[in-house]
Amino acid sequence: MMVANCGIQSQIYLKKWALVTNIMKISDKTYFNGNHKYDRLLEEMNAQQVRKNINRKSIAILVFGACENHGDHMPFGSDFIFPMELAKRIAAKSKKKKNTIILPAIPYGVSLHHNEFQMTMSLEPHTLQMVIEDLFSSIIKNGIRRILVI
């Protein structure tokens, strides 16, 4: 990889980008079925689909990220866009894919260290802790006992 006129932080981000790109080189056939995308995204399911596909054996995948400034070379949503793609691929390769549901990504995190940068969105640590507790409680109330957090 060629890095020109970049500081050490930019080099680190570019290396992370390369790692994510390599992970995503898994064949699209792993989670695409013909022309249909992975069909276990909660935000794209209706109530009937949820009732039909979710049970006590289900595994919920919950992605946490952050919305923070990574400089001019990466999108603000990198911390949840790439993990969401990874979640789809993990679910598609899972032996229990029929019992896997991907929950909507939480695009905010504790980014106090980035607060001085443009458009960084940050939660206080206690706020994020409460969000996690509330989400886990909701998942459990819906009969799901296994949660994978990315």
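**Contacts and cores**

Reply: Contact means heavy atoms within 4.5 Å. Not counting residues up to four places away in sequence, Leu103 touches Leu42, Glu43, Ala60, Ile61, Leu62, Met84 and Ile139. This is a predicted model, in which local features need pLDDT of at least 70 and side-chain atom pairs pLDDT 80 or more, while totals for chains, interfaces and linings use all residues. Residues are numbered from 1 along each chain as its sequence is written, and side-chain values use heavy atoms, leaving out hydrogens and water.

Me: Which residues make up the largest nonpolar core?

Reply: In soluble globular proteins, nonpolar side chains tend to be buried together. A nonpolar core is a set of buried Ala, Val, Leu, Ile, Met, Phe, Trp, Tyr and Cys residues joined through side-chain atoms within 4.5 Å; buried means under 20% relative accessible area, exposed over 50%, partly exposed in between (1.4 Å probe, protein chains only). The largest here has eleven residues: Met45, Ile54, Ala60, Leu62, Phe64, Ile101, Leu103, Ile106, Leu128, Ile139 and Ile144. Strand S1 and helix H4 (125–141) each give two or more residues to this core; helices (H or I, at least four residues) and strands (E, at least two) are DSSP runs, numbered from the N terminus.

Me: Is Glu68 buried or exposed?

Reply: Glu68 counts as buried because its relative accessibility is 6%. Glu68 sits in the loop between strand S1 (59–62) and helix H3 (78–93). Beyond four places in sequence, the contacts of Glu68 include Phe76, Asp79 and Thr120.
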